[in-house]
Amino acid sequence: LIRWNDPRTGLVPPGRFIPILEDTGLIAEVGRWSLGQAIDDFLRWRADGLGAVRLAVNVSPRQLRNPGFVAEIKAVLGDIPNACQGLELEITESLIMEDVRNSITTLRAIRDLGVTIAIDDFGTGFSSLSYLARLPVDTLKIDRSFVIEMTGSPQGLALVSTIINLAHSLKLKVVAEGVETDEQSRLLRLLGCEEMQGFLFSEGIPSALFESRYLARLAVA
């Protein structure tokens, strides 16, 4: 949920500036900063006695293709015990499928560090089922386009149900993206979807507001 706060125009959505970061190569630097910030926030919450949650960080194509990416993650985690519990990496299905063999090797090395991995926008990258069973991942995130279609047609509902059942058969957690209505939430719960995200629950908010609104309730006495 990264945003750019332009002093002249205000908050700039990621869809406008992330592609520029990708094209210029600056996404690698921003990616390293994001990883470090996620770990710093997680450790600070724990130190403050809050019920710290795992933070998901998106991985760019440049990062995944970088031979030193695993070493960068290891450096961010450092030697701090349990720091890995605060980090999950989200990698799009289409990016993984660009080079499946290399992706499997890299993802295994990342998981060996204790970091969990989610396949983002699942259903849009046309994964081979044989490869999906081999991928060292923990979570499938159902793309929001399927969530929207779910309430519009029986076929859309059947597709979401199939994805959830497939994930469960592979012992994977499922997260539905882009949930915006009570009806979507109700259907997903009936289908056994464990987690959801979207504007039905909250818009993107600054970390300080997130801490006071959600983590304070989980404070350890």
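Is the crossing of helix 4 and helix 6 left-handed or right-handed? In this predicted model, helix 4 and helix 6 cross in a right-handed sense. To find the pair, look for residues 69–77, which form helix 4, and residues 100–112, which form helix 6. Their axes lie 10 Å apart and the helices pack at an angle of about 15°. Because angles under 35 degrees count as roughly parallel, helix 4 is described as roughly parallel to helix 6.

Now zoom in on the place where the two helices meet. Helix 4 brings F69, V70 and I73 to the contact, and helix 6 answers with T106, A109 and I110.

I73 is among the four residues that touch the most other members of the largest nonpolar core, along with L87, L89 and L188. That core has 48 residues in total. If you pick out L188 and set aside its neighbours within four places in sequence, you will find it in contact with M150, V160, I164, A176, V179, C193 and M196.

Finally, let us visit helix 1, which spans residues 14–24 and includes F17. F17 has a relative accessibility of 10%, so this residue counts as buried, the cut-off being under 20%. Not counting residues up to four places away in sequence, F17 touches I2, R3, W4 and V12.

How values were computed. Residues are numbered from 1 along each chain as its sequence is written. This is a predicted model: local features need pLDDT of at least 70, side-chain atom pairs count only at pLDDT 80 or more; totals for chains, interfaces and linings use all residues. Side-chain values use heavy atoms; hydrogens and water are left out. A nonpolar core is a set of buried Ala, Val, Leu, Ile, Met, Phe, Trp, Tyr and Cys residues joined through side-chain atoms within 4.5 Å. Buried means under 20% relative accessible area, exposed over 50%, partly exposed in between (1.4 Å probe, protein chains only). Contact means heavy atoms within 4.5 Å. Axes are lines fitted to C-alpha atoms, for helices over the stretch in contact, and angles run from 0 to 180 degrees between N-to-C directions. Helices (H or I, at least four residues) and strands (E, at least two) are DSSP runs, numbered from the N terminus. Angles under 35 degrees count as roughly parallel, over 145 as roughly antiparallel, 65 to 115 as roughly perpendicular and the rest as oblique. A crossing is left-handed if the near helix is turned anticlockwise from the far one by less than a right angle, and right-handed if clockwise.
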